[in-house]
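Subject: the structure you asked to look at

Hi,

Here is the structure for you to open. Have a look around first, then read on for my notes.

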Amino acid sequence: MRTLGNIFLYNNNSKNKELYHQNLENQGYFIFDTDNIHKFSLYNKEITPDILLFDFDKNTPCTLISSIERQFEHSNTPIIIVSESPKALIYHPTISHYLTHIEAKTKLIEILESYKIGNKNHHILYINLKPYERQDFTKSIEQKGYLLFEVHNIKSASLYLQKNTPSIICINFLPALEKTKKLFSHPKIFYVENSQNVEEIEQFLH
């Protein structure tokens with residue numbers, strides 16, 4: 001069976017084994033899974049992964065998560081962190097997605113498919129460069145029933161846009177707005193804040 005891509009998984013949490021080794025492998029992904037960060041780093045240098053995925057159990061110190069994030073800060077691959085730690089304590093600008101373990105069960109496959117298969121009919125690509133703030137904007141999007149793809153850096157947003165065409169793009173960091181408009185040839189790119197409601201830009205979704 002043709003593989004959809006290589007996922008490198010650093011996993012010190014045994015509870016999500018079924019999600020990774022049954023669901024994802026059945027979808028067609030190859031998974032290299034280890035709880036040895038040194039071995040993970042060596043394989044990352046020898047084989048190019050499509051996704052770097054880190055699953056930390058609830059007892060993992062935030063300092064350890066942050067130190068591992070820094071080790072991979074020069075990667076050009078989307079990085080997904082699965083952790084219960086507060087985003088404000090483990091935030092790093094190179095991380096593409098932060099998920100809780102419950103969110104990973106419902107959102108991980110869609111994130112992977114968006115990068116590897118594409119053609120997702122998301123209404124909004126939200127480049128949320130401040131994931132440590134209250135998420136009023138994303139909650140209002142979901143409550144209204146709009147489909148959202150949320151990512152935390154422009155590099156991964158660019159990879160997403162290679163295979164997907166959202167109705168609008170939103171970014172919540174004003175200094176990066178003009179850069180985003182120049183980088184992405186999309187007719188509808190808007191500045192928003194995490195405290196906003198989607199109703200303020202809803203007219204542009206139609």
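Does lysine 116 count as buried, partly exposed or exposed? Lysine 116 counts as partly exposed, because its relative accessibility is 24%; buried means under 20% relative accessible area, exposed over 50%, and partly exposed in between (1.4 Å probe, protein chains only).

A quick word on where this comes from. This is a predicted model, so local features need pLDDT of at least 70 and side-chain atom pairs count only at pLDDT 80 or more, while totals for chains, interfaces and linings use all residues. Residues are numbered from 1 along each chain as its sequence is written, and side-chain values use heavy atoms, with hydrogens and water left out.

Salt bridges

Searching the whole structure turns up 6 salt bridges, meaning a side-chain nitrogen of Lys or Arg within 4 Å of a carboxyl oxygen of Asp or Glu. In one of them, lysine 116 meets aspartate 50 at 3.1 Å, N to O. That pair ties together distant parts of the chain: aspartate 50 sits in the loop between α2 and β3, lysine 116 is in helix α5 (residues 101-116), and they are 66 residues apart. (Helices, H or I with at least four residues, and strands, E with at least two, are DSSP runs numbered from the N terminus.) Aspartate 50 is partly exposed, at 26%.

Another salt bridge pairs aspartate 136 with arginine 134, also listed at 3.1 Å, N to O. Arginine 134 counts as exposed, with 66% relative accessibility, whereas aspartate 136 is partly exposed at 24%.

Then look at lysine 144 and glutamate 202, whose side chains meet at 3.6 Å, N to O. Here too distant parts are linked: lysine 144 is in helix α6, glutamate 202 is in the segment after β9 (189-191), and 58 residues separate them. Lysine 144 is partly exposed at 39%, but glutamate 202 is buried at 16%. Salt bridges with shared partners join Lys144, Glu199 and Glu202 into one network.

Threonine 34 belongs to strand β2 (residues 29-34) and is buried, with a relative accessible area of 7%. Beyond its neighbours within four places in sequence, threonine 34 is in contact (heavy atoms within 4.5 Å) with Leu9, Tyr10, Asn11, Lys39 and Phe40.

Isoleucine 37 is in helix α2 and is partly exposed at 23%. Leaving out residues up to four places away, isoleucine 37 touches Tyr10, Phe54, Ile68, Gln71 and Phe72.

Strands β6 and β7

Strand β6 (residues 124-127) and strand β7 (residues 148-151) run parallel, joined by 4 bridges; strands pair if DSSP finds at least two bridges between them. Tyrosine 126 stands opposite glutamate 150 in β7. From β6 the chain crosses through helix α6 (residues 136-144) to β7, in a right-handed β-α-β crossover: with the strands pointing away from the viewer, the path from the first strand over the helix to the second runs clockwise.

One more spot

Proline 61 is in the loop between β3 (51-55) and α3 (62-71), partly exposed at 43%.

Cheers
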